Amino acid sequence: MLKKTRVVIAGLFFLLITLLFLDFTGSVHMWFGWMAKIQLIPAILAVNAIVLAALVLATLLFGRIYCSILCPLGILQDLVSRISSRRKRKKNRFSYARPKNLLRYGILGIFILSLVAGFGIVVSLLDPYAAYGRMATNFFAPLYRWGNNLLALLAEHGNSYAFYSTEVLVKGWLTFGIALITLIITGILAWKHGRSYCNTLCPVGTFLGLLSRFSLFRIAMDTQKCTQCKACEKKCKSSCIEVNTFSIDHSRCVACFNCLGKCKFGALKYTAAKPAKRAKTDPQAEQPGLSRRDLLSLLGLLTLSATVKAQQLQVDGGLATIEDKKVPDRKTPITPPGSLSAQHLKQHCTACQLCISACPNHILSPSRKLSAFMQPEISYERGYCRPECVECSQVCPAGAIQPITPADKSAISIGQAIWIPDNCIVNRDSLPCDSCERHCPTGAITLVERDPDHPKLKIPAVDKELCIGCGACENLCPARPFSAIYVEGNVRHHSI
Amino acid sequence: MEKKNCPKKHELNRREFLKVLGVGSAVTTAALYGCKTGNTVSAEGGMIGEVPSGQMTYRINPHTGDKVSLLGFGCMRWPLKKHANGREEVDQDAVNQLVDYAIEHGVNYFDTAPVYVQGWSETATGIALKRHPRDKFFIATKASNHRQGARTLQDGIEMYRKSMRELQVDYIDYYLLHSVGSSIKDFNDRFIDNGLLEFLKGERKAGRIRNLGWSFHGIQEVFDHVLNMDIQWDFCQIQLNYQDWRHADPRRNVNAEYLCAELAKKNVPAVIMEPLLGGRLSRVPQQALALMKQVHPEQSAASWAFRYAGTPENVLTVLSGMVYMEHLQENLRTYSPLVPINEQENTILEQVTRILVNADYIQCTECQYCMPCPYGLNISAVFSHYNRCVSAGRLLKNSHDDNYRRARREFLIGYDRSVPKLRQADHCIGCDVCRPRCPQRINIPQEMRRVERYTEQLKQQLDF
């Protein structure tokens, strides 16, 4: 019964959290956005005391149910492990393993140090929620969107407006690579050893393990009834039951309740217990087994190149080829409105990619800079920060992007528009153009006469006091591949 | 209830009408379905009926005696397909199929130009027609030097010779001075000062051009000037439809009523273009359609427009750019034979016109002369999407409309479906390159602003 309840709740959570990363309409976020906000690392980064207290309390009461029902990466591993168990002669493939304490506490130590020191890259690589977010964004979301686009195609044929198509993009190949490697590592570990990732590498698992060894409710073994058949041990995906010594390592038990149903003699019970004996632990830091640096340099080789095309015209009809825009070389990165400053974002972001997959304008992509690795960064090649949209601020679980309203946003300056005379088509082609002025939502751009001989040719003048850096001018600028007006980020956002 | 909707008077009219149309009794029965009790005739194929053969209406050209089919094939919109390399090209098989079917059913006038369909029209038309005896069809093409920078005699002659090569013919039945009308100066510049018209007159004398004429888009002054020149024009191509009969926008065009009368005075037959106003007259607003359906429930809005365009006696042929077989078949039905518009129907069309001119249409006929836009906009697709919403009655006058949510969704989703984001109105920079090219004299950048403003209002959910 307990196991079934756990499976149902976990399945539901997993589905809905995944949906958060897949949805591009914003409706799922409205209803289930809280599911991301109760994840441990985001809650720590957001300094969300209520959620933290609740999670600690829940673990002290019931053990690591967080790992079993709330953590999407944990549930994903359960799925993999379950499929692995379906194989012939692999139904009872587990056996007790000694805890790898040096490794787990070492990683936890490094994780905490990184968290305190603001070394975001380590935090976001190790945070299980963020790791899952990257997988969902990079692997599941494209599938989901292709499926949607197929429906949209059908709807279009049927003249229905129930579905509309959306772009399917991988926003950063480096992040894609990281997600792939994480998937492979967790996948292989889960396939072979069940929850061993959670009990050796995952800092959240180790942290909650510290609490769960004192949990009130726990699996207890009745030594009188036990026949030492090892049915439970072989079924324990955490490898934490040692039948020979009648002991259970509660720091590693993820409260999956798989063992309960396996015992034919009623020797196992989930019940309130007296405080257990302390297991000997020696929390000492050590180098992690994974050389992340190697991985990074390997992945750094993956780069994108845009193709450049020429155009020609003469007869009726036809469409000129539109060249892709290229990213300008910005001195300061632009961060989403609500993130206060690049520094604030860096300190709170866990790089879960939720904002990136939620952005309907396709302006957010994971950063490739080491200092803000995989954290969202704005660029305006595909769209601009539209006035009615505050999606990213609504979905952020870690408080890195604070919730704002469209009204707030219209007065937050995240950057400054800068005009590049040599790129401007008014100078280049001597054609009149008012695109940047016309699209500026705050009226920060005024067109001024270029020279008295050509009253029709006007060039933009930017009022820095009014510019909010939304990128409408940059995105809609007809100059390609580099826009003639681009946005340079503000180190700290300010209001206008 | 259905009986009430079918007053005796209309029933009689319809019966008469269908008799004239010469369609079998099955159709009549089907058309009267609503009024008859206990009928047993199935509607299979009956509602549309056969495509009649050998019943096409023909008009005689007074100058050469040519027997021209009332339905003329406009070759400015041939079906396209994607080549394996991702580029578009003419779907020659589809073109051949359309041309064969048209000729088989009596169509014998084919109108093309060197600039049509990105410059591919003459070649494709030539290939399709080469497969038929030369005396089975008349070919019309044009001196399209209106957009070209070079307007010397040599360029004009080269264009003319190239047309013959592309069309694989050694004489041209109908040769037009393309798109005359913006100004007398422009006309002189293109045809008089360089001596091109003299050359073409010589070609007519030599028999390589059998009929010499011009197509008109523009202001009355130019029309009068060219028509009254010291030359016998064999024909003239004008824009005629029930809206332009009396409600042509004076900034852009001249009332067809005037044009038609003037041409008749000079014994110049008229070739009709834009009988559907770029398709707009086939997608009229609901209330206008209801007026027409009340009289002929089984006839489409397009067939009314075609009948109207073919009714004046002075009309030689009515051009239609038919991309789909269904359109060709419907038009064949309409003109095999033509049933002229009568007094009562004319009154209805006047009411329809009143609704149309009061609607918010952008006066675009989707001829694509304005394209390619150097900045990649799909101008005609943007306007077409907007106009479709007007036709469907889904253009919101204000944001408090009961239909707001639905109309908003349909407009925005439909917009993205019909025009890629990078080619939408907000990418117009107002460079004005397109404006002089528009035969309807539409202020394209200004209309782009209108579409953009409306789109932004919906996207941002602003009050309006």
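The legends below describe close-up views of a predicted model.

**View 1. Chain A as a whole.** Chain A holds 23 helices and 10 strands. Of the 496 residues in chain A, 45% are buried. Among contacts in chain A with a separation of 6 or more, 73% are between residues 24 or more positions apart.

**View 2. Confidence along chain A.** The mean pLDDT of chain A is 86, and 92% of the residues score at least 70. Helix H23 (residues 472-476) of chain A has the highest mean pLDDT among the elements of that chain, 95. The lowest mean, 36, belongs to helix H16 (residues 292-299) of chain A. In residues 275-313 of chain A, the pLDDT is below 50.

**View 3. The contact between chains A and B.** Chain A contributes 22 residues to the contact, and chain B contributes 30 residues. On the side of chain A that touches chain B, 13 residues are nonpolar, 5 are polar and 4 are charged.

**View 4. The largest nonpolar core.** This core has 237 residues. The residues with the most contacts inside the core are Cys355(A), Ala270(B) and Ile272(B). Helix H10 (residues 128-157) of chain A supplies the largest share of the core, 8 residues.

**View 5. Surroundings of Ile272(B).** Ile272(B) is one of the residues with the most contacts inside the largest nonpolar core. With neighbours within four places in sequence left aside, the contacts of Ile272(B) include Ile238(B), Leu240(B) and Ala309(B). Val315(B), Val318(B) and Leu319(B) are also in contact with Ile272(B).

**View 6. Strand S12 of chain B and its partners.** Strand S12 (residues 315-320) of chain B is mostly covered, with 6 of its 6 residues buried. Strand S3 (residues 71-74) of chain B runs parallel to S12(B) and is joined to it by 3 bridges. Within this pairing, Gly72(B) has Leu319(B) as its bridge partner in S12(B). Strand S11 (residues 270-273) of chain B also pairs with S12(B) in the parallel sense, over 3 bridges. Here Val271(B) stands opposite Thr317(B) of S12(B). Leu319(B), the partner of Gly72(B), is also in contact with Ile272(B).

Definitions and conventions: Residues are numbered from 1 along each chain as its sequence is written. Chains are lettered from A and ligands numbered from 1 in the order in which they are written. This is a predicted model: local features need pLDDT of at least 70, side-chain atom pairs count only at pLDDT 80 or more; totals for chains, interfaces and linings use all residues. Two residues are in contact if their C-beta atoms, placed from the backbone, lie within 7 Å. Ala, Val, Leu, Ile, Met, Phe, Trp, Tyr, Cys and Pro count as nonpolar, Asp, Glu, Lys and Arg as charged, and the others, Gly among them, as polar. A nonpolar core is a set of buried Ala, Val, Leu, Ile, Met, Phe, Trp, Tyr and Cys residues joined through C-beta atoms within 7 Å. A residue is buried if 20 or more other C-beta atoms lie within 10 Å of its own, exposed if 12 or fewer, and partly exposed in between; C-beta atoms are placed from the backbone. Helices (H or I, at least four residues) and strands (E, at least two) are DSSP runs, numbered from the N terminus. pLDDT is the predictor's confidence in each residue, from 0 to 100. Two strands pair if DSSP finds at least two bridges between them.
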